[in-house]
Amino acid sequence: MAKITASVYTSHVPAIGAAIDLGKTQEPYWQPLFQGYEFSKQWMKDNKPDVIFLVYNDHATAFSLDFIPTFAIGTAAEYQPADEGWGPRPVPKVIGHPELASHIAQSVIQQDFDLTIVNKMDVDHGLTVPLSLMCGQPEAWPCPVIPFAVNVVQYPVPSGRRCYQLGQAIRKAVESFDEDINVHIWGTGGMSHQLQGARAGLINREWDNAWLDKMIDDPVACADTPHIDYVREAGSEGIELVMWLIARGAMADAAGGPKPKVAHRFYHVPASNTAVGHVILENQ
């Protein structure tokens with residue numbers, strides 16, 4: 001039986017990818033941020049999964065305002081890094097896991113969640129920056145990845161409660177896969193930031209860390225956070241945090257099991273104009 005052993009949460013700021021790609025990680029501005037992921041890169045080597053289920057949002061590369069699915073699962077054998085306007089990132093292509101992805105789609109849809117099946121797409125910084133932060137700059141990513149794109153760009157976006165419940169459905173799907181594999185589920189995006197308007201540049205350190213406390217210790221209450229709180233307290237792009245709740249809902253305690261162990265927690269501001277949050281939780 002497949003099992004989810006850990007969840008990883010991290011921001012996916014595009015400027016972080018640029019800093020890695022351009023060799024700027026040791027510059028004074030960037031060094032404190034990347035130092036916070038040194039533990040994580042070693043942890044990833046010591047706890048290498050067979051598959052990563054990676055929750056992220058597309059930034060008008062695979063999808064556009066013409067067509068934005070609420071939840072979309074990638075079932076392809078591979079995915080190329082997207083050209084986001086300045087050429088694709090110089091990172092390895094992403095190898096998929098069609099068998100597990102198709103099984104998850106079947107199971108989750110039968111649990112009454114409507115997913116869009118995506119058999120071909122490119123993946124942007126929302127997916128590749130977390131891989132770079134956790135894995136460095138390898139010639140190939142350490143394992144297959146299942147991309148799972150969530151609409152947090154065009155309102156209406158899914159509620160935190162719906163995302164948490166979806167995570168629970170994904171856990172059931174993984175555990176019914178008839179192969180003995182170790183799966184990590186990652187929730188990415190956030191934390192507080194706003195990219196436009198009168199509040200552009202907003203960062204709310206106090207709210208971010210209180211939200212992290214709740215996400216770790218009381219995820220059900222965290223999932224009840226209304227959209228207006230994210231927008232008011234964490235900025236218009238802070239709504240990306242609902243994607244973390246998919247990963248949190250897939251942990252064992254959401255199904256009555258023991259609470260996860262906090263293997264690592266890190267918070268840093270700023271990275272470009274964004275607050276960066278990062279947590280690793282291990283199932284016990």
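1. Buried means under 20% relative accessible area, exposed over 50%, and partly exposed in between, with a 1.4 Å probe and protein chains only. Helices (H or I, at least four residues) and strands (E, at least two) are DSSP runs, numbered from the N terminus. On that basis, the face of helix 3 turned away from its buried side carries the exposed residues Lys45 and Asp46.

2. A note on the source. The model is predicted: local features need pLDDT of at least 70, side-chain atom pairs count only at pLDDT 80 or more, and totals for chains, interfaces and linings use all residues. Residues are numbered from 1 along each chain as its sequence is written, and side-chain values use heavy atoms, with hydrogens and water left out.

3. Which residues of helix 3 are buried? In helix 3 (residues 38–46) they are Ser40, Trp43 and Met44. They cover an arc of only 100 degrees around the axis, which puts them on the same side of helix 3. The arc is that of the directions from the helix axis to the C-beta atoms. Their cover includes strand 1 (3–10), strand 2 (51–56), helix 5 (125–135), strand 8 (182–188), strand 9 (261–271) and strand 10 (274–282). Contact here means heavy atoms within 4.5 Å.

4. Helix 5 also packs against helix 1 (residues 14–21), at an angle of about 50 degrees, with the axes 9 Å apart. Axes are lines fitted to C-alpha atoms, for helices over the stretch in contact, and angles run from 0 to 180 degrees between N-to-C directions. Helix 1 and helix 5 are therefore oblique to each other. Angles under 35 degrees count as roughly parallel, over 145 as roughly antiparallel, 65 to 115 as roughly perpendicular and the rest as oblique. On the helix 1 side, Pro14, Ile16, Gly17 and Ile20 meet His125, Val129, Ser132 and Leu133 of helix 5.

5. Helix 4 (residues 98–110) and helix 6 (160–175) pack at an angle of about 125 degrees, axes 9 Å apart. That makes helix 4 oblique to helix 6. Helix 4 contributes His103, Ile104, Ser107 and Val108 to the contact. Helix 6 contributes Leu166, Ala169, Ile170, Ala173 and Val174.

6. Where is Glu179 found? Glu179 lies in the loop between helix 6 and strand 8. Glu179 counts as partly exposed, at 38% relative accessibility. Not counting residues up to four places away in sequence, Glu179 touches Met1 and Ala2. Glu179 and Leu100 are 79 residues apart in sequence, and 9.3 Å apart in space, C-alpha to C-alpha.
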